Every structure is written in C-alpha cells, then in structure tokens.
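The following note sets out some remarks on the model under review. Please read the points alongside the structure.

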Amino acid sequence: PGYKPIDEDYPPMRPEGNNTLYNATKQFCEHLAVYYYRQYGLDIIGLRFASTFGYGKGSRHGKLALLPQMIENARRGIATFIPQGGDQGNDFVYNRDVAQAIVRAAYVQEHKHLFYHIGSGRKSTLREVAAILQRRFPKAAIHVGPGLDYLGNGYEKYAVFDIRRARADLG
C-alpha cells in the first residue's frame, strides 16, 4: 500500500495469489528462458510491462483496459462509470514507450541483467487520469468510485515498477 517501487528481484506472485492461466504462462516463460540461458548460454532479455495503454489496446480488452476506455469515452463524449478503485495506484505506460523499450532491448550490445521492468516508474490513479481527461475534454462525464481494486476481482494491485535497470542498461 505504500507504493514502494518494485524491482526485478522482488519475489513473483505465487500462482494461488492471482491464479490465472495468463499469470502462470508468464512465469513459465521466464523460467523456460532462464533454463535456456543456463543450459545453452542463450542470451535472453525479458521485459516485464506495467499496465499499458495507447494505440492497439482498446475497449475490446475489457476490464484490463479501463484507462484506454476512459480516454476513448472522453474523446467520444460517452460517460464513463467505474464503481470503485479510484484510490488504487498503478504504473501506467504508453504503448509507444513499450515499443521503444522492445527495440532497444533487441539491439542492446551488452546488458547486466536478464529481466527489466518497463513502466513509468511512478504511481498514478484512475482518479488522477479522470481529472486530466476532464481538463482536456471539459464535457467528459467520468466517475471513478473510491477505494481499491478497480478490476473488482478481490485483488488489490499495488504495482509501481522500479525502472532503474532499464534506464541504465537500455537507455
């Protein structure tokens, strides 16, 4: 809850903490990559993304795309109602920045680490995003309720990434 940035050495979430196939396959792929690195000397770089938004991620992503939905709705003059989670902090990163990180990782000559966090490195809330959108689109009707857990799945996500490694090694 203090939103201390999480570095790459922070223990991964145990599968039973947020048991989804998506989370399990992400962890499996990291383990598999490390296996190939240790067993065969394959050079790997794993990128762990914060909550992404921007072109390519839209309303079709459902609850995982609340930020893009807020932006799209504000631009189109459609009201947005999110019943809870306005106080929950998260690390939001724009897709163009994610793409830049991927390209830099693909072409980096030397790197000190196997995994890198890609994010903004700072905490933002949906309420803060709503305030920015309402300044940009004064007629936007956006309501974000109080509390945590904006996905409404009983899992309060506190995720602010420490991005110092990516800044140092990937630029």
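Which residues have the most contacts inside the largest nonpolar core?

1. The model is a predicted one. In its largest nonpolar core, which has 17 residues, the most contacts are those of Met70, Leu126, Leu133, Ile142 and Val144. Two or more residues of this core come from each of α2, α4 and β8 (142-144).

2. Helix α2 (residues 66-76) and helix α4 (residues 126-136) have axes that come within 11 Å and cross at roughly 20°. The angle is under 35 degrees, so α2 is roughly parallel to α4. The crossing of α2 with α4 is right-handed.

3. On the α2 side, the contact is made by Leu66, Leu67, Met70, Ile71 and Ala74; α4 contributes Leu126, Val129, Ala130 and Leu133. Nine residues of this contact are nonpolar, with no polar and no charged residue.

4. The chain has 171 residues, of which 40% count as buried. Of the contacts between residues at least 6 apart in sequence, 83% join residues at least 24 apart.

How values were computed:
Residues numbered from 1 in each chain as written. Predicted model: local features only at pLDDT ≥ 70, side-chain atom pairs only at ≥ 80, totals over all residues. Heavy atoms only, no water. Axes fitted to C-alpha atoms, helices over the stretch in contact; angles between N-to-C directions. Helix = DSSP H or I, 4+ residues; strand = E, 2+ residues; numbered from the N terminus. Parallel < 35°, antiparallel > 145°, perpendicular 65-115°, else oblique. Left-handed = near helix turned anticlockwise from the far one by under 90°. Contact = heavy atoms within 4.5 Å. Nonpolar A, V, L, I, M, F, W, Y, C, P; charged D, E, K, R; others polar. Core = buried A, V, L, I, M, F, W, Y, C linked by side-chain atoms within 4.5 Å. Buried < 20%, exposed > 50% of the residue type's maximum accessible area, 1.4 Å probe, protein only.
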